[in-house]
Amino acid sequence: MIEIRGITKRYGDKYAAKNVTFTVNAGEIMGFLGPNGAGKSTTMNILTGYLSATSGTARIDGIDILQDPIAAKAKIGFLPEQPPLYPDLTVKEYLNFVYDLKKCKLDRKKHLEEICRVVEISDVYNRVIRNLSKGYRQRVGIAQALVGNPPVLIFDEPTVGLDPKQIIDIRNLIKDLGKEHTVILSTHILPEVQAICDRIVVINKGEIVADEKTENIARAVEGKRRMTYNVCGPKDEVLKLIRSIPGVTYAEIIGNRELDSTAFLVESDDKIDIRKPLFFALADKRWPLIGMDVMGMDLEDVFLALVDQKNRKEEARKGGRKGEKK
């Protein structure tokens, strides 16, 4: 449904996007993540036709956004970070204006009533937009994106500035919309992505650093295995022993557990299984190992690790180039 191939946007010698490539299948909700300035907005502006690419192609349902922008845009409903509302209009007046602007051919009354029912704004249909709460204004913004029933919906930071209840309501709404639309959700709120998205694409410094299903995103982080170990013994000495095991890259005390045991968080090279050598080393000291658990990385850990990997690789490249000059 959405296909981006080799999108690059360059300003002089600076890249806002560099060889960005991904696809979004019909009926999929994709989370588009990245730190500020990573290239999310640039990519979405190119995808929606607001910005031209230096090179590469963006297609919506097979239609190139630059070659046939009118046909491609007709298939997109876009909610930018700041909803394009006219505060002096009522919701009814505004949605009718958007209906005319998009040259929608669907039955006007029935279509707009259905949209209002879906986004739950029927009770404010005749109210002036400036008098609505932030949450209702956001819903009106989503409503304008739905006019014409486009198959693709693109939401840029749709829950910014909302209170916790409003955030949950908007999340649930987007999840429901994903049942009948292809959705791209750009956000920096990580729990939002976990709660809504089928797939996650992470961009940093203009380049894609991960593209995985939500449940598999931790695999994008190279070379780490995380476990917790519960050990009965003097905690500082146990920590020192754990750190001495070949393959351990990081270890820390994370708290006391039952009886006289202490819990340790241990990260190790994923190519080295440290469990047996650690078991025998503890047994030699007569420090009982009474429990161990695999500790999955949450999305925040994964995101930070991916961004850090990208930054380290770039620093290494810069260091290599400086060495060559010398």
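Let me start with the rings. Tyr86, Tyr94 and Phe97 are linked into a cluster by ring pairs. Keep in mind that this is a predicted model. Over the whole structure, the search gives 5 aromatic pairs. I will go through two of them.

A pair of aromatic rings is described by how far apart the centres are and by the angle of the planes. For phenylalanine 22 and phenylalanine 32, the centres are 5.6 Å apart and the planes are at 50°, which makes the pair tilted. Where do these two residues lie? Phenylalanine 22 is in strand S2 and phenylalanine 32 is in strand S3, residues 29-33, so the pair ties together parts that are 10 residues apart in sequence. Buried or exposed? Phenylalanine 22 is buried, at a relative accessible area of 3%. Phenylalanine 32 is buried too, at 1%.

Tyrosine 86 and phenylalanine 97 are edge-to-face, with 5.4 Å from centre to centre and 80° between the planes. Tyrosine 86 sits in the loop between strand S6 (76-79) and helix H3 (91-101), while phenylalanine 97 sits in helix H3 itself, so this pair ties together parts 11 residues apart in sequence. Tyrosine 86 counts as partly exposed because its relative accessibility is 44%. Phenylalanine 97 is also partly exposed, at 32%.

Next, the sheet. Strands of a sheet pair through backbone hydrogen bonds, and the pairing can be parallel or antiparallel. Here we have an open sheet of 4 strands, in the order S2-S1-S4-S5, and the pairing is antiparallel. Which strands stand at the edges? They are S2 (14-24) and S5 (63-64); each has a single partner strand, so one side of each has no neighbour in the sheet. Strand S5 pairs with S4, residues 55-60, over 2 bridges. Isoleucine 60 has isoleucine 63, in S5, as its bridge partner.

H1, residues 40-47, lies across strands S1 (2-11), S2 and S4, and runs at about 120° to S1. Why call H1 largely enclosed by the rest of the structure? Because 6 of its 8 residues are buried. Those buried residues are Lys40, Thr42, Thr43, Met44, Ile46 and Leu47. Just after H1 comes glycine 49, with a positive phi of about 85°.

Now the nonpolar cores. In soluble globular proteins, nonpolar side chains tend to be buried together. The largest nonpolar core in this model has 43 residues, and those touching the most other members are Val91, Leu95, Ile121, Val140, Ile142 and Phe155. What does isoleucine 142 touch, leaving out residues up to four places away in sequence? The list is Leu79, Val119, Phe155, Ile170, Leu173 and Leu177. There is also a second, separate core of 26 residues, with Ile46, Leu47, Ala53 and Phe78 among them.

Notes: Residues numbered from 1 in each chain as written. Predicted model: local features only at pLDDT ≥ 70, side-chain atom pairs only at ≥ 80, totals over all residues. Heavy atoms only, no water. Core = buried A, V, L, I, M, F, W, Y, C linked by side-chain atoms within 4.5 Å. Buried < 20%, exposed > 50% of the residue type's maximum accessible area, 1.4 Å probe, protein only. Contact = heavy atoms within 4.5 Å. Pairing = 2+ DSSP bridges. Axes fitted to C-alpha atoms, helices over the stretch in contact; angles between N-to-C directions. Phe/Tyr/Trp six-rings, centres within 6.5 Å; stacked < 30°, edge-to-face > 60°.
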